Amino acid sequence: MVMQKKQILILVLALLMFPLIALFSEVQVTYEPVSRLKFEKGPYPFEASHFVLQIGTLTFTSTDNSLFDPTLFALDTPIHFGFTGPVTWYEQNGQPVYVQQETLFRMASVSIIKGQTGWNYMHSGDFQHGLADWYNGNINTNPFVAKIYLVSEQPASIYPDYASDPSNHGEYYTQTTGSFGGFNVVVAENNSGHYNGYEYVPVNGQEVPEDGTPPSAEIPFLEGGGNTPPPIIYENPDNPLPNVGYLLSILNETGFSIQNSYGTDKTKIAEAQLTLQNAESGKTYGVEVTFSNSVGSQTFSLHLDGQRTLFAIPYLLLFGGEPVTGSVPLDWVNLSSTAPNIRSIEVTGVDQNRADMAPAGLYQDTITISITPKDTL
């Protein structure tokens with residue numbers, strides 16, 4: 001078996017034509033969650049005293065420039081979110097003393113309307129979160145963009161300033177209260193606000209029922225879904241974390257005798273080693289590993305002389321003892337900068353009867369291994 005390490009990007013463009021259909025709503029919305037969450041102090045339009053975390057961005061487009069009171073309906077999203085990490089309330093010998101403590105945050109929205117930038121806390125009662133409560137009337141801004149944040153109820157001064165520890169790349173805060181869940185979006189029918197009539201609008205291509213009920217699948221606030229993110233860093237702005245690099249090596253690659261992989265027997269053909277660069281000591285990381293052949297199928301086969309048009313012998317591939325489905329990612333987690341991070345690659349599941357039918361010769365398959373980093377775990 002010949003193993004190669006490379007990535008192939010295939011772009012497929014399809015032109016789909018549909019008849020024009022009158023939509024119940026003329027507003028479309030996209031939501032993009034932040035892929036790497038991190039706390040900040042006072043980005044505009046917040047003040048320096050605000051300690052904030054951006055969650056995602058909503059973009060509204062309207063065919064007639066009419067947009068009134070855009071609001072999130074989020075049944076499971078609370079008023080407060082709690083994060084536990086280092087904060088300081090006093091100094092000793094001129095230096096801040098830090099303790100691990102939970103502080104509370106509220107959800108807020110930042111938007112620009114007709115050239116004016118404003119922000120507001122979003123929880124306006126029950127499960128309803130207004131995106132532009134600071135503005136009255138037709139928003140008439142196309143596209144209208146609203147950025148979703150969490151804002152601490154405590155001043156930014158209690159969080160690290162790194163002046164006493166400039167070599168520190170950053171501190172982490174763990175969510176200990178609250179649940180993000182998901183949301184749907186409504187807009188008001190007119191200038192009277194959504195309390196006097198609203199309609200659901202599709203987010204990221206949601207299907208909106210014609211009977212006025214909410215879409216069945218809510219949009220998650222967090223990338224990848226889930227209610228709680230991994231620990232989130234407040235990075236030292238003067239000494240930020242370097243990007244983590246992932247170096248994949250294929251070790252001890254070898255051919256094998258097919259008899260050693262009949263049925264449940266298995267034979268090792270190589271090892272995968274992942275070396276982390278610029279990783280933090282004591283932190284663990286994760287990647288998604290994808291094995292694919294030249295046609296992107298979910299099964300694997302050895303072919304005479306490596307030619308896919310010639311006789312084939314199907315086989316199963318194992319990665320660290322875990323069955324591999326072609327072109328479907330597998331998680332490889334608990335990676336660190338100190339561990340060797342090695343997994344075996346094995347072949348099994350060969351049908352002996354099929355192998356006995358094979359013409360004599362050298363049988364090969366070429367596999368592409370792709371690595372996609374996950375967020376720090």
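Analyst: Here is a short tour, one topic at a time. This is a predicted model, where local features need pLDDT of at least 70, side-chain atom pairs count only at pLDDT 80 or more, and totals for chains, interfaces and linings use all residues. Residues are numbered from 1 along each chain as its sequence is written, and side-chain values use heavy atoms, with hydrogens and water left out.

User: What is the average pLDDT of the chain?
Analyst: The chain averages 86, and 92% of the residues score at least 70. pLDDT is the predictor's confidence in each residue, from 0 to 100.

User: Where is the pLDDT below 50?
Analyst: Over residues 1–25. That stretch still has 38 contacts in the model beyond near neighbours in sequence. Contact means heavy atoms within 4.5 Å. Where pLDDT is low, the predicted coordinates should not be read in detail.

User: OK, strands. Which ones pair with strand 11?
Analyst: Strand 6 (residues 80–92) runs antiparallel to strand 11 (residues 170–177), with 3 bridges joining them. Strand 15 (residues 232–235) also pairs with strand 11 in the antiparallel sense, over 4 bridges. Strands here are DSSP runs of E, at least two residues long, numbered from the N terminus. Two strands pair if DSSP finds at least two bridges between them.

User: Which residue is the bridge partner of Phe 83?
Analyst: Gln 175, in strand 11. For Tyr 172, the bridge partner is Ile 233 in strand 15.

User: New topic. How many aromatic pairs are there?
Analyst: The structure holds 26. One of them is Phe 51 with Phe 105, a tilted pair at 6.3 Å centre to centre, with 50° between the planes. It links distant parts of the chain: Phe 51 is in strand 4 (residues 51–62) and Phe 105 in strand 7 (residues 95–113), 54 residues apart. Rings of Phe, Tyr and Trp (its six-membered ring) pair if their centres lie within 6.5 Å; planes under 30 degrees apart count as stacked, over 60 as edge-to-face and the rest as tilted.

User: Is Phe 51 buried or exposed?
Analyst: Buried, with a relative accessible area of 0%. Phe 105 is buried too, at 0%. Buried means under 20% relative accessible area, exposed over 50%, partly exposed in between (1.4 Å probe, protein chains only).

User: Which residues form the aromatic cluster?
Analyst: Phe 39, Phe 51, Phe 83, Phe 105, Tyr 159, Tyr 162, Tyr 173 and Tyr 234 form one cluster.

User: And where does His 303 sit?
Analyst: In strand 19 (residues 300–304). At 6% relative accessibility, His 303 counts as buried. Its side chain reaches the backbone oxygen of Leu 310 at 3.4 Å. Leaving aside neighbours within four places in sequence, the contacts of His 303 include Phe 311 and Tyr 363.

User: What sits over the ring of Phe 311?
Analyst: The charged end of Arg 354, 3.9 Å from the ring centre. The rule is NZ of Lys or CZ of Arg within 6 Å of the ring centre and within 35 degrees of the ring normal.

User: Last one: which residues are joined by a cis peptide bond?
Analyst: Tyr 44 and Pro 45 are joined by one, with omega about 10°. Asn 142 and Pro 143 are joined by another, with omega about 5°. Most residues other than glycine have a negative phi, and most peptide bonds are trans. Asn 334 is not a glycine, yet has a positive phi of about 60°.

Technical notes. A polar contact is a pair of N or O atoms within 3.5 Å; within protein, one must be able to donate a hydrogen and the other to accept it, and residues adjacent in sequence count only if both atoms are side-chain atoms.
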